Amino acid sequence: MIVDCHAHLVPPELLAAIRRDAAKFPNVRQTEDGGLSFAGAKPTRPVPKPLSDIPARVAWMAKQGIDKQVVGGWVDMFGYELPGAESEAWSRLTNDALLAAAKAESRFVPLATVPLGDGTRAARILKDARQAGFAGAMIGTLPRGVGSTLDAADLDPFWRAADETGAFIHIHPSFDAGDVRVNDFGLANGLGRITDAAVAVARLICAGHVTKYKNAKFFAPMGAAALPFVLGRLKRNHAITPGIGDPAEALGLIYTDTILHDVRVLKFVMEMIGTERLMMGSDMPFPIGDLEPTKIVAAAGLSPAQVTSINGGLAARIFGIQ
């Protein structure tokens with residue numbers, strides 16, 4: 001079985017529900033170009049059509065020989081800015097739509113959304129999602145906007161819930177992490193996603209979360225967000241900074257994907273962290289993703305057993321795919 005472990009989906013039913021239930025979400029404003037604004041924050045980009053084009057997605061999967069695809073939502077639409085009960089209701093609306101899409105199209109394996117602006121509410125939604133059949137959640141790196149962190153103390157209830165339920169937590173970079181230097185030359189895609197994820201995950205490592213909550217399955221995309229490259233520096237930092245988490249131990253617990261676009265880089269990542277926690281991914285449907293994701297695995301000079309594991313065996317175990 002071939003499984004794409006990293007993709008995104010905005011079900012058409014979710015877009016319809018947002019329009020239909022607009023009165024239930026007074027702090028969500030829809031812009032004329034199809035974007036969304038949460039609690040007065042800067043509007044999102046318009047929802048790209050490929051995020052919701054399920055027939056085209058299924059056709060692409062068939063062409064690539066992909067049997068299953070793990071789909072989270074779109075980070076822009078997670079609505080972390082929403083207040084209180086409204087943020088919880090927004091996550092439930094999204095999760096209901098993702099579950100319905102997965103029931104209608106069996107190739108999809110959904111990851112839940114949680115209201116990460118509130119650790120207690122996020123924990124409650126995650127537990128409910130696990131009971132509903134989600135393997136875990138996709139979360140953004142910025143729970144409260146630019147400069148916020150995933151290791152904030154009041155998010156501990158969420159991480160405890162992830163640990164208690166053994167949830168898979170995909171830590172996904174945000175669209176605008178606040179570094180204006182990457183706003184030109186396409187560098188938000190080429191580099192900004194990596195630096196954003198690297199800082200977010202490095203903080204979780206240093207705060208001790210990855211080892212403390214080791215029953216949770218931490219997932220850092222794109223070759224563990226370049227952290228294998230700086231492992232030596234992180235180890236040195238650990239040696240000279242009392243009380244922080246061990247980066248070598250933590251990196252040995254983190255799952256990642258193959259979205260690296262250069263087989264030499266993939267080989268380096270595998271040399272640093274092995275293949276036991278590596279899964280094939282595409283980042284479908286975004287152009288910066290890998291639209292022929294099995295090719296880089298085939299080119300890496302791996303054993304048949306390793307190829308089988310990376311292309312779907314590991315994902316099938318993690319996500320309970322039959």
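**View 1. Phe-229 sits in the loop that joins α8 (221-225) to α9 (231-240).** Helices here are DSSP runs of H or I with at least four residues, numbered from the N terminus. This is a predicted model, where local features need pLDDT of at least 70, side-chain atom pairs count only at pLDDT 80 or more, and totals for chains, interfaces and linings use all residues. Residues are numbered from 1 along each chain as its sequence is written, and side-chain values use heavy atoms, with hydrogens and water left out. Phe-229 counts as exposed because its relative accessibility is 66% (exposed is over 50% relative accessible area, buried under 20%, partly exposed in between, with a 1.4 Å probe and protein chains only). From Phe-229 to Val-269 is 7.9 Å, C-alpha to C-alpha, though 40 residues separate the two in sequence.

**View 2. Arg-124 and Glu-88 make a salt bridge, with the closest N and O atoms 3.0 Å apart.** The two partners come from distant parts of the chain, 36 residues apart: Arg-124 belongs to helix α4 (residues 119-132) and Glu-88 to helix α3 (residues 84-104). A salt bridge here is a side-chain nitrogen of Lys or Arg within 4 Å of a carboxyl oxygen of Asp or Glu. With a relative accessible area of 10%, Glu-88 is buried, whereas Arg-124 is partly exposed at 35%. Both residues belong to a salt-bridge network that also links Arg-92, Asp-118, Arg-121 and Asp-128.

**View 3. α3 and α4 pack with their axes 10 Å apart, at an angle of about 20°.** Axes are lines fitted to C-alpha atoms, for helices over the stretch in contact, and angles run from 0 to 180 degrees between N-to-C directions. That makes α3 and α4 roughly parallel to each other (the term covers angles under 35 degrees). Who touches whom? On the α3 side, the contact (heavy atoms within 4.5 Å) includes Glu-88, Arg-92 and Leu-99, and on the α4 side, Arg-121, Arg-124 and Ile-125 are among the residues involved.

View 4. Arg-107 is partly exposed, at 32% relative accessibility, while Glu-105 is buried at 15%. Arg-264 is exposed, at 63% relative accessible area, and Asp-262 is partly exposed at 22%.

Key
Helix = DSSP H or I, 4+ residues; strand = E, 2+ residues; numbered from the N terminus. Parallel < 35°, antiparallel > 145°, perpendicular 65-115°, else oblique.
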